[in-house]
Structure formats: C-alpha cells, structure tokens
Amino acid sequence: MKNHMDHPEAEITLGKAFNLPLPDGMKLIGMEQGNPYCPVLNPDYVFENERFRDMLTFWIMGFRALKIIGDPAAGKTSFVEQWHARLGLPLFIVSCHENMTEADLVGQLLPQENGSLKWCDSPLLSIYRHGGSVLLDEWNNMNPNAATLANAMLEGYAVTIPHTGEIVRPHPQARFFATQNPVDGKTVVQGRYVQDSASDDRFMEMHVDYLKPDLEKQIVFKSLRKVDKASSDEALLLTASKLVDVANEIREKFRSNEVPSNAAFHKPMSTRVLVRWAQLTVGFRTVKTEKPANYAIKRAFSGISSDMREALDELVTEKVG
C-alpha cells in the first residue's frame, strides 16, 4: 500500500531552493515536486538567515523534535510549511486542543464495510512508521496528560499499539515539530498550558520574532509591485516603509497592551495580513468615504474588536496620512 513517502527522491540545491546566497555545494536530499502531501510552495516567502540556520542545523544533525516558540502571527507555522515545500517533503499538520485523546495522537480501530475492525494510524504514528514530518500546531493548547502519550515517539522508543500488539519502531526520517506561543510574559495567550518537563525536554527549542523591518519592507514592496504598475519604485518603497512601521507599532502595542493606552490592541499583525493590507490599499484607492489605507486595514485584519478597529483607524491616520 502506498504512503506519503512513496515519491521519488531529489537532490535539492539549497541556495536555489531557498533563494539565499549559499555555496552551490550545499545540498539536501528531498523529493521531486508533486508529492500531494507536500505543502504548497509560496515563491514569495523569505527565509530569514537565523531561522534558516537553526532549522538547517536541526535537520542535518538528525534531531527528531523541534519546538518553535514565538508571539502570535510571528510566522511559526508558515516557516515549517515552506521549509518542507522547498524540499518537496510531506508534512502533516495537527491542530492541538485540550480534549485530544489517544486516538488523536496514536490512532484507532475503525469499522470496515465487511464488519471487521482495522487499525488506522494517527498522523503522528504514520510519520513514526514511514518517515516524514508532523507539525503539532499550538502544542501548549494540549492538556499535559495527553501530551505525555507522544513522549515515546518524541524520544524514539519502539511503540506498542495496545489494540493490536504491533510494535512500531521509529523511521530514521521521522521528525516532529511543535509551535507554541510564550507561556509567560505580556504576550501570554489565555488557556495555554505549561507542558510537563518530560515532554518539553525531548525538543530542541527555537525562538522566533517578527521579520526584521528591512526584510519585511522588501516583501511588502514586491507585493505592491504586483498590483500597482503605475507608481514608481520610490513611491512603492515609501508606502511599504510606512505600512511596516504601522505593523511593528501594532505588535509593540499588543505586547504592552496592559498599558491603558494600548488596551485595544488585542491582536498582532502578521506578515500575511500586512501584505494583504498593502495590496488592498491599492485595490481600494478609489474609495471616497475615507483614505484607502484606513479603509483597507479594516478589511485585511479579521477577528478584531470594534475598539481595535477604532484604534487602528487613528494609528493609520497618524502614520500613513
């Protein structure tokens, strides 16, 4: 029976695949493009040097589990996705929640048409058995008691399926990623757990922040060039710079929203939302009721309160003009 790893291998030149100034001799074994279990490649995604270095070291050293910690909207999940997309490798994403069970983490017996029961691996166990990667998104959303069920796989022990008695040994290419928001400080997200140290100790840890302003400005500039053919590069760069400045101020206000003047900022701005805002600003430039940037940000930014919408309006008026 075919599985997610039944796809031709390919030698990937890292400099070309990741659009970074790397020696031609730096290569990794990945897969040819076209594996249906591989994330969709975003050609505009930019790999920051420090993030790339940490992931590359984790990968070539053969470590099994990596935890990526950062504020909401810092690009933790997209970083893992685009790493696998560049290498053409399969990645399963599991959204963690407090009611996760053994069936979610290991698998379960499911009824078949002939009335029999068949064991079906969870994404974690399937990766453990055949290789590939699984991303446990929002790892600290999971109840610590459930998280301990994954300890044997994170450590690389042989796993016994109690329902069948089968022993599953780890595939050498099985990797586990976890993302989480910080559990302390001002950016703590309500409802998150502090995981058991026995689970946490099995991960290499990597901390990420939002992209550096110069890098993010280039991303926004390129996105603006796609939708605005009339403006000069100088004008687009100026617009990109203003929008990135606003995004970073939103993030800082989110981080310090215990300050009364920042209380409305309950959500940070991701690079994805920033790019959407930039392009919508062009799309709504004929709006007469208010300035395009003000009109666009309230349509680019979803899931925000009326207080934050009002605060954004004031901030954009001040910073963008």
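In this predicted model, helix H2 (residues 49–60) packs with helix H3 (residues 76–87) at an angle of about 65°, and their axes are 12 Å apart. The crossing of H2 and H3 is right-handed. On the H2 side, the residues that take part are Arg 51, Phe 52, Met 55, Leu 56 and Trp 59. They meet Phe 79, Val 80, Trp 83, His 84 and Leu 87 of H3. Sorted by class, this contact has eight nonpolar, one polar and one charged residues.

**Helices H11 and H12**

A further helix pair is formed by H11 (residues 271–283) and H12 (residues 292–300), whose axes come within 8 Å and cross at roughly 140°. H11 and H12 are therefore oblique to each other. Their crossing is right-handed. H11 contributes Val 273, Arg 276, Trp 277, Leu 280 and Thr 281 to the contact. From H12 come Pro 292, Ala 293, Ala 296, Ile 297, Arg 299 and Ala 300. The classes in this contact are eight nonpolar, one polar and two charged residues.

The buried residues are Ala 293, Asn 294, Tyr 295, Ala 296, Ile 297, Lys 298 and Ala 300. These buried residues of H12 pack against H10, H11 and H13.

Glu 314 is located in helix H13. The C-alpha atoms of Glu 314 and Asn 294 are 8.7 Å apart in space, while the two residues are 20 residues apart in sequence.

**Salt bridges**

The structure holds 18 salt bridges.

| Residue | Partner | N to O distance |
|---|---|---|
| Lys 27 | Glu 11 | 3.5 Å |
| Arg 53 | Asp 54 | 3.5 Å |
| Lys 319 | Glu 249 | 3.3 Å |

The salt bridge of Lys 27 and Glu 11 links distant parts of the chain, as Lys 27 is in strand E2 (residues 27–31) and Glu 11 is in strand E1 (residues 9–13), 16 residues apart. Lys 27 has a relative accessibility of 40% and counts as partly exposed. Glu 11 has a relative accessible area of 54% and is exposed.

Arg 53 forms a salt bridge with Asp 54 through their side chains. Arg 53 is partly exposed, at a relative accessible area of 48%.

The side chains of Lys 319 and Glu 249 also meet in a salt bridge. Which parts does this pair tie together? Lys 319 lies in helix H13 (residues 306–319) and Glu 249 lies in helix H10 (residues 233–255), so the pair ties together parts that are 70 residues apart in sequence. Lys 319 counts as partly exposed at 34% relative accessibility, and Glu 249 counts as partly exposed at 22%.

How values were computed:
Residues are numbered from 1 along each chain as its sequence is written. This is a predicted model: local features need pLDDT of at least 70, side-chain atom pairs count only at pLDDT 80 or more; totals for chains, interfaces and linings use all residues. Side-chain values use heavy atoms; hydrogens and water are left out. Axes are lines fitted to C-alpha atoms, for helices over the stretch in contact, and angles run from 0 to 180 degrees between N-to-C directions. Helices (H or I, at least four residues) and strands (E, at least two) are DSSP runs, numbered from the N terminus. Angles under 35 degrees count as roughly parallel, over 145 as roughly antiparallel, 65 to 115 as roughly perpendicular and the rest as oblique. A crossing is left-handed if the near helix is turned anticlockwise from the far one by less than a right angle, and right-handed if clockwise. Contact means heavy atoms within 4.5 Å. Ala, Val, Leu, Ile, Met, Phe, Trp, Tyr, Cys and Pro count as nonpolar, Asp, Glu, Lys and Arg as charged, and the others, Gly among them, as polar. A salt bridge is a side-chain nitrogen of Lys or Arg within 4 Å of a carboxyl oxygen of Asp or Glu. Buried means under 20% relative accessible area, exposed over 50%, partly exposed in between (1.4 Å probe, protein chains only).
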